[in-house]
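The following report covers a helix pair, a chain contact and a division into domains. Please read it beside the sequence and the structure.

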Amino acid sequence: MTICKRLASALLLVFMSLCGSTSYGEGNQTLFDEGIRLIETGKLKKVADGVDLLINSKHDRSAFILESMLESKLYRHKKQKQLVMLVEKNDKGLLIADLDSLESTRQIGKRKAKRIPLNNKLRGKIKGYLASQNLNADQVSVRKAAIQKLLSALDDETLALIKARALYESNPDVQLLIDTAIALDALQSENETDRLKAIPTLSESLEPAVRNQLTQTATNDTSKAVQLAAQSALEKIEDKIAFYGFVEKIFFGLSLGSVLVLAAIGLAITFGVMGCINMAHGELIMIGAYTTYVIQLMMPNSIGASLFIAVPAAFVVSGLVGIAIERGVIQFLKGRPLETLLATFGISLVLQQAVRSIFSPLNRSVETPDWMAGSIEINPIFSLTLNRLYIILFCLAVFAVLFLVLKRTVLGLQVRAVSQNRNMARAMGVRSEWVDALTFGLGSGIAGVAGVALSQLTNVGPNLGQSYIIDSFMVVVFGGVGNLWGTLVAGMSLGVANKMLEPVSGAVLAKIFVLVFIILFIQKKPRGLFPQKGRAAEG
Amino acid sequence: MSLVSTQQINPIQETIFNRSTVLFLTVLAFVSVFVVICNQFVPVGSALHIPTYTVTLLGKYLTFALLAVSIDLIWGYLGILSLGHGAFFALGGYAMGMYLMRQIGDRGVYGDPVLPDFMVFLNWDELPWFWHGFDMFGLSMLMVVLVPGLLAFLFGWLTFRSRVTGVYLSIITQALTYALMLAFYRNEMGFGGNNGLTDFKDILGFDLQSDATRLTLFLLSAIALALGYIACRYIVTSKLGRVALAIRDAESRTRFIGYKVENVKLWIWSFSAALAGIAGALYVPQVGIINPNEFSPLNSIEMVVWVALGGRATLYGAVIGAVVVNYAKTYFTGALPEVWLFALGGLFIVTTIFLPKGIAGLLSRKEQRA
């Protein structure tokens with residue numbers, strides 16, 4: 001009985017809506033107002049009718065109201081008997097706003113308003129309506145997202161919507177998705193040939209909904225031929241997924257490798273070119289990260305721009321600290337590498353404690369600017385996260401700049417001269433002390449720049465440097481001391497190796513394997529992947 | 001690159017019991033007897049009474065001193081700067097810890113007669129294979145020496161043969177202890193994860209909390225230090241020791257003369273690791289816990305500073321350095337925790353720049369003047 005009644009009222013509503021939209025100019029508004037009035041009652045049955053009315057009114061605000069209903073933000077004020085919008089729930093109760101002017105908020109008690117009830121059927125209906133709205137949106141990305149959403153819950157209505165869109169869809173990507181949706185529906189058809197015909201289209205798609213449906217078809221379908229076809233389509237999809245999974249691992253590996261290269265490349269200069277062990281290198285990275293933090297504190301309103309200031313600032317700050325370390329300590333320990341190691345380790349402890357005393361031992365959070373968040377979606381199962389992408393690009397940029405400085409500038413020439421033969425360089429008029437200080441400053445400055453990058457990835461705290469120092473040494477030693485290319489190749493390959501091992505063995509074991517590998521590798525090639533040749537190597 | 005001038009050590013005429021050794025052993029014996037008397041026979045209220053807490057603390061310092069001596073042997077006399085000696089110390093400690101864990105028996109929180117608490121907690125059904133036999137004291141003590149010794153042997157065999165020296169060697173020793181730390185932090189390894197092994201009850205049937213056991217452990221540490229010191233003196237004054245000095249000062253030349261540099265390095269290195277293991281084994285029952293933090297590279301490098309501060313290639317310098325730095329650490333971390341890292345860091349810098357021969361260098365300079 002009740003079903004008949006509901007059906008009748010629904011039909012009536014459809015009829016009314018048809019009349020409304022054709023006969024009266026303001027019909028939309030009437031239907032919309034009527035729908036709002038029904039929803040205001042807060043009774044589920046009437047709400048259901050109200051939703052239908054809102055949908056049929058094709059009013060501008062329908063989508064907004066329905067969406068907030070779906071997000072459980074539409075409330076009914078009990079005393080005023082009108083709809084209000086929830087802004088947030090807090091300890092005092094509810095912060096609400098009027099539907100028309102969302103700016104004017106007021107606080108009411110928890111029990112003063114009641115949420116408009118919804119059931120799953122209504123939710124489905126609203127979702128479908130919203131999707132169809134999005135289906136005809138102007139932006140391609142919105143349309144794509146709408147179809148992707150619909151794929152997992154196709155029914156006759158939504159399919160009709162999609163088919164309608166197909167007639168005048170111009171974007172090839174969206175067209176492809178539409179074809180997928182139609183094929184997905186065909187897979188449910190009674191006709192075996194239709195099902196068979198649908199499968200080749202589906203095998204091109206990487207949507208999870210398609211994969212689920214195909215998996216079901218491959219086992220449950222009545223026809224053997226369809227089962228087999230579905231199976232081979234699935235295999236094709238799985239191959240693609242495996243391939244993209246592999247590409248993703250490489251991408252993750254390269255981004256991890258970039259972090260390693262960034263952390264190690266400053267060391268490649270101080271250790272590799274100057275032959276000076278700087279255990280405080282990690283702390284110079286940390287100083288760069290804290291510089292980023294301080295700069296963000298100074299310009300809280302423009303986080304996005306602060307990074308561009310932080311890079312040169314961190315370079316200068318870390319570079320100056322580096323020069324101070326070189327002038328204050330390291331120059332007295334020339335030719336005593338083990339003592340240098342100990343003294344710089346002492347410096348690292350002092351710097352750590354200094355940061356603890358100044359900034360507190362707790363981690364500081366450095367904000368990530370908006371342009372770093374987000375990702376580029378290549379296809380449904382593979383997307384490049386922007387911050388990883390930027391890290392890779394940043395690493396390559398730093399590497400290129402450093403390479404040019406060493407190969408193309410006067411300073412670079414002098415640095416290489418001193419590193420190859422100190423006495424001869426001095427005889428030719430190079431001020432070796434001055435070059436040492438600048439080289440150390442350059443290496444330290446690069447460490448600071450690495451700190452800026454790391455501040456975007458990990459927590460900024462006093463222990464930031466310590467966690468990278470061993471990795472950095474491994475990269476430099478693995479790549480071959482005194483060889484920037486070696487550092488780049490070593491860092492990237494260690495990063496990729498780590499990420500390749502991780503799913504097999506877990507993150508910690510992967511790291512252990514890599515360490516053990518390097519220890520064994522050093523036995524075979526004590527001078528790294530790209531050893532220095534000639535007399536300079538013997539120094 | 002000579003660390004010590006040739007006048008100071010004249011290897012040909014050296015005997016095991018030279019003046020400094022005799023002096024050191026006498027002081028050690030005197031201190032031990034003094035501690036025993038003040039702990040046992042002086043009444044509690046008296047100003048001279050040494051509480052058992054202090055005895056255990058001193059015992060801990062003595063195990064550190066033994067560890068420092070083992071580092072001095074390879075750094076001072078062989079020129080190998082190990083930044084991973086904490087690994088051998090900790091491995092010895094873990095071997096002892098495993099014995100002590102097995103001794104707990106069914107007195108653990110879960111009351112399992114065989115499995116230690118953390119294994120019950122992880123829902124393990126049986127003991128992993130490497131835990132078998134650790135209920136026997138003798139075998140456990142063998143492992144205390146064997147595990148660090150064998151690891152060092154393997155590591156040294158690979159490293160010295162491929163002639164990895166100097167800074168490279170230091171860095172890969174650091175990588176070794178870092179890798180071990182990461183491994184021991186894993187619960188799956190079967191060594192208690194980051195909690196390590198703790199909650200020990202007794203050793204060979206003696207209650208670990210009792211004063212008598214603690215005093216005995218202190219005395220054992222003193223004896224171990226004395227024996228370790230004499231053994232190191234023996235090596236240093238033997239022909240092997242003289243070759244070691246030659247390797248330290250001119251490795252290539254020694255090799256060209258015809259000595260098997262790798263073998264000399266390998267044996268002294270492995271011996272040093274075993275000594276560090278013994279120090280670890282004595283350390284664990286006194287502090288009552290061993291956890292993966294002992295593997296941390298920072299710990300290992302701190303040990304090197306004890307030796308650097310005390311003075312290399314003297315052995316007694318290492319003992320002085322270990323005791324002084326650790327006493328300072330106990331004091332500062334209690335009274336002024338903020339200052340400790342500044343002080344330790346400053347110590348590294350000042351020692352390397354202004355005191356290349358450490359405290360021992362200061363002492364012998366005065367001696368020469370007098």
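The crossing of α20(A) and α21(A) is right-handed, a crossing being left-handed if the near helix is turned anticlockwise from the far one by less than a right angle, and right-handed if clockwise. This is a predicted model, in which local features need pLDDT of at least 70 and side-chain atom pairs count only at pLDDT 80 or more, whereas totals for chains, interfaces and linings use all residues. Residues are numbered from 1 along each chain as its sequence is written, while chains are lettered from A and ligands numbered from 1 in the order in which they are written.

Helices here are DSSP runs (H or I, at least four residues), numbered from the N terminus. Helix α20 (residues 484-505) of chain A packs against helix α21 (residues 507-524) of chain A at an angle of about 135°, with the axes 8 Å apart. The pair is therefore oblique, the class left for angles that are not under 35 degrees (roughly parallel), over 145 (roughly antiparallel) or 65 to 115 (roughly perpendicular).

| Helix | Residues in the contact |
|---|---|
| α20(A) | A:L494, A:A497, A:N498, A:L501, A:E502, A:S505 |
| α21(A) | A:A507, A:L509, A:A510, A:K511, A:F513, A:V514 |

Between the chains, the contact takes 37 residues from chain B and 33 residues from chain A. On the side of chain B that touches chain A, α6(B) gives the most, with 14 residues.

By an automatic or database domain assignment, chain A is divided into domain 1 (7-88 + 98-104), domain 2 (136-222) and domain 3 (244-538). The C-alpha centres of domain 2 and domain 3 of chain A lie 49 Å apart.

Methods. Axes fitted to C-alpha atoms, helices over the stretch in contact; angles between N-to-C directions. Helix = DSSP H or I, 4+ residues; strand = E, 2+ residues; numbered from the N terminus. Contact = placed C-beta atoms within 7 Å.
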